[in-house]
Amino acid sequence: MASSWSRVPLRPCLLLGALLLASCSDGGEPVPPARGEGGGPPSTGVPGASSGTGPEATADPAAARFPTPRALYERAVAPSCAGAEGSCHRGWAQPELSSFEAFIATAGAFCQTGVGDPRAVLDGCERPGDRLVFADGVERALLSVAVPEGAPPVPTEVVVTLDGPAGDLSEVARVRAPVAEGQAEYRQPLAGVKLTPLEPASRLRLDLTGAGEDVARAFDLRRWPRRGADVIVADANGNGRGAEGAELRQLMPGRPERSFLVLRLLSDELGPRMPLVEGGWSAEATRALRCFVRGLPEGWQPDTRVADEPIAYEGCPADPVDAGPVVSDHAAVRRIFDQRCASASCHGDGRASGLDLRAEALAQGEVIGAPSRELPDRALIAPGAADESYLVCKIEPDCAERAPGTALMPVGGELDARERAAIRAWIEAGAKLD
């Protein structure tokens, strides 16, 4: 199983940021948290927040140093990540972290929106594609847009790939941009655009010669990063998998294990480990950020009134990997397979070692209960018996029962403890597909 996580390219701000921030540190005297009316912290209705008092709270170095989100920002995020104007996350790299308001605005925000090369966008950071709405009401997500080689600055035609067959082309189609769950922004109709069906039925040629320049430029994927009314595609990195199941956000309320900013602090698997300047961050700051994110309700919308609420340290695991109960459903395991194993060259179209881990192969019985090609006497997945499943052995670093000469999987970097635990739990629960 090969990893589909792409490396994030180093930016020019690495050197500049290091020079500008080298003298920054998390020093200074502790500042008491701001208080609300009546001497207590203002309430924002965030459930599960620790009171920040008592023996357990005072014994936690992170709680003592970073009792509130405001303290976390002022004592760690600002000096470590948002140095001089025009460097790193202060007017240079995304996300913008130059103020507490900007820091809070990362909750729920898409990650890697400022990456200069779409091929470097991680599957987990891809955005839901804009949708073409056809005359018969059929909607299809835009997976990709191909601009012919040598096309003029304003393209005259493009070829789009959809996530399914196109609908009725007899009338003007529209582009719908998903904004948030339950909401949708309808952009202008594609007036003057001629759509011609291609093979397969999920591909269309768009003749843009009769459209306005704004429409033509919106479909020009050479313009990157995407801005304003530019069309967004679901498969920005072009690896054949769209944004379905992409769960990473800059900060995902309630889910530190799916928060890009948190993950970048823990390892270099998703790009250069942050922060880039030594001495401006600490393990306590990492814990504070994890516990802050974990204590937010899922679906929470950015609200700066949370600034002086106590961070919910009570019950927050000390282990960065231990973010709560392991999810054992098929949807969670499928996301792991899709993001880490089922790339086109490995356990997708390439069927490396004869193994296909895409949803269709699982549903057709090619994996569950089927023998391993490397060890035919072992089932790839033995429902209800994770320890007897050869796939589990292939992902467990300490398993000594792998076939001689074969390697730990995925090739690009082992699964973390929670990912392995999720796969094991799913198999133990019967490896069900519903």
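A disulfide joins Cys393 to Cys399, with 2.0 Å from S to S. A disulfide here is a pair of cysteine sulfur atoms within 2.5 Å. The torsion about the S-S bond of Cys393 and Cys399 is about -90 degrees, so this disulfide is left-handed. Cys393 and Cys399 are both buried. Buried means under 20% relative accessible area, exposed means over 50%, and partly exposed lies in between, with a 1.4 Å probe and protein chains only.

The model is predicted: local features need pLDDT of at least 70, side-chain atom pairs count only at pLDDT 80 or more, and totals for chains, interfaces and linings use all residues. Residues are numbered from 1 along each chain as its sequence is written, and side-chain values use heavy atoms, with hydrogens and water left out.

By the distance rule for sulfur atoms, the structure has three disulfides. Another of them joins Cys111 to Cys125, with an S to S distance of 2.0 Å. Its S-S torsion is about -110 degrees, so the disulfide of Cys111 and Cys125 is left-handed. This pair links distant parts of the chain: Cys111 and Cys125 are 14 residues apart, each in the loop between α5 (100-104) and β1 (131-133). Helices (H or I, at least four residues) and strands (E, at least two) are DSSP runs, numbered from the N terminus. Both Cys111 and Cys125 are buried.

The sulfur atoms of Cys291 and Cys316 are 2.2 Å apart and form a disulfide. Here the torsion about the S-S bond is about -95 degrees, so the disulfide of Cys291 and Cys316 is left-handed. Distant parts of the chain are linked by this pair too: Cys291 is in helix α8 (residues 283-294), Cys316 is in the loop between α8 and α9 (330-340), and 25 residues separate them. Cys291 is buried, as is Cys316.

When the bonded cysteines of the chain are numbered in sequence order, the pairing reads 1-2, 3-4, 5-6. Cys341 is in no disulfide, and the nearest cysteine sulfur, that of Cys346, is 9.0 Å away. Cys341 is buried, with a relative accessible area of 1%, and Cys346 counts as buried at 13% relative accessibility.

The next topic is the chain as a whole. The chain has 12 helices and seven strands. Of its 434 residues, 47% count as buried. The chain exposes about 20300 Å², and carbon and sulfur atoms supply 52% of that area. Accessible areas come from the Shrake-Rupley method with a 1.4 Å probe; for residues, only the protein chains shown count as cover. Contact means heavy atoms within 4.5 Å. Among contacts in the chain with a separation of 6 or more, 63% are between residues 24 or more positions apart.

Some of the strands can be followed from one to the next. Two strands pair if DSSP finds at least two bridges between them. Strand β2 (residues 139-146) and strand β3 (residues 157-162) run antiparallel and are joined by four bridges. Val145 stands opposite Val160 in β3. Five bridges join β3 to strand β7 (residues 203-207), and these two strands also run antiparallel. The bridge partner of Glu157 is Asp207 in β7.

Asp220 lies in the loop between α6 (213-218) and α7 (260-266). Is Asp220 buried or exposed? At 3% relative accessibility, Asp220 counts as buried. Apart from neighbours within four places in sequence, Asp220 is in contact with Val147, Pro153, Pro155 and Arg226.

The last topic is the aromatic rings. Rings of Phe, Tyr and Trp (its six-membered ring) pair if their centres lie within 6.5 Å; planes under 30 degrees apart count as stacked, over 60 as edge-to-face and the rest as tilted. The structure holds five aromatic pairs. One of them is the tilted pair of Phe100 and Phe103, 6.2 Å centre to centre with 55 degrees between the planes. Both residues lie in helix α5, three residues apart, which is about one turn of the helix. Phe100 and Phe103 are both buried. Ring pairs link Tyr73, Phe100, Phe103 and Phe292 into a cluster. Arg70 lies over the face of Phe100, 5.9 Å from the ring centre. A charge sits over a ring if NZ of Lys or CZ of Arg is within 6 Å of the ring centre and within 35 degrees of the ring normal.
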